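Dear colleague,

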Amino acid sequence: MVGSNMADAPNTVTIVVDPEFGDRLYAVAKETPVWIVDTPVNRAAAEVVRAQNPEQRHQSGVTTFQIERNSTPEEWCANILGAVDLHHGEYSHDPPYAVVEVIGAPLTVRLRQAFSEHEL
């Protein structure tokens, strides 16, 4: 956030559904907890981030998640929302997340519905 104090910024979680995101993960992981699709290139980048930041936990680091390759990035995102809410929501994180940033999928009607179902 340009021109703002990060302490005043809403608690954000980033979901990456780009199977080739790779090294771009380094910059994103410095700013927010990240959930990223588990592909070879993304897993390699996640392992580097974890090795460089061994003190980080799932609430503040990088979590990889399995996908069905024959599904779409939109479906991957919709399917992981429950787990993100479980790990970063009001019952497990203080303060709970207030913003979800999605990289790799457009905000479609289906994805809006999935966010709505999770009250996001």
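This is a predicted model: local features need pLDDT of at least 70, side-chain atom pairs count only at pLDDT 80 or more; totals for chains, interfaces and linings use all residues.

How many residues does α3 have, and how far does α3 reach from its first C-alpha to its last? Helix α3 has 16 residues and reaches 21 Å, close to the 22 Å expected at 1.5 Å a residue (the expected span being 1.5 Å times one less than the number of residues).

Residues are numbered from 1 along each chain as its sequence is written, and side-chain values use heavy atoms, with hydrogens and water left out.

The protein has 4 helices and 4 strands, and from the N terminus on its elements run β-α-β-α-β-α-β-α. Helices (H or I, at least four residues) and strands (E, at least two) are DSSP runs, numbered from the N terminus. Of the 120 residues, 40% count as buried, where buried means under 20% relative accessible area with a 1.4 Å probe, protein chains only.

Helix α3 bends by about 35 degrees at Leu81 (the angle between axes fitted to the seven residues ending there and the seven starting there). Its buried residues are Glu74, Trp76, Cys77, Ala78, Ile80, Leu81, Val84 and His88. They pack against β1, β2, β3 (62-65), β4 (99-103) and α4.

The largest nonpolar core has 18 residues, of which Ile15, Val17, Trp35 and Phe65 touch the most other members. Such a core is a set of buried Ala, Val, Leu, Ile, Met, Phe, Trp, Tyr and Cys residues joined through side-chain atoms within 4.5 Å. At least two residues of this core come from each of β1 (12-16), β2 (34-37), α3 and α4 (109-117); the largest share, 6 residues, is that of α3. A second, separate core of 12 residues includes Leu25, Ile36, Ala46 and Val49.

Beyond its neighbours within four places in sequence, Trp35 is in contact (heavy atoms within 4.5 Å) with residues including Ile80, Ala83, Val84, His87 and His88. His88 lies in α3 (residues 73-88) and has a relative accessible area of 1%, so it counts as buried. The side chains of His88 and Trp35 are joined by a polar contact of 3.0 Å (a pair of N or O atoms within 3.5 Å, one able to donate a hydrogen and the other to accept it; residues adjacent in sequence count only if both atoms are side-chain atoms).

With kind regards

Definitions and conventions
Buried means under 20% relative accessible area, exposed over 50%, partly exposed in between (1.4 Å probe, protein chains only).
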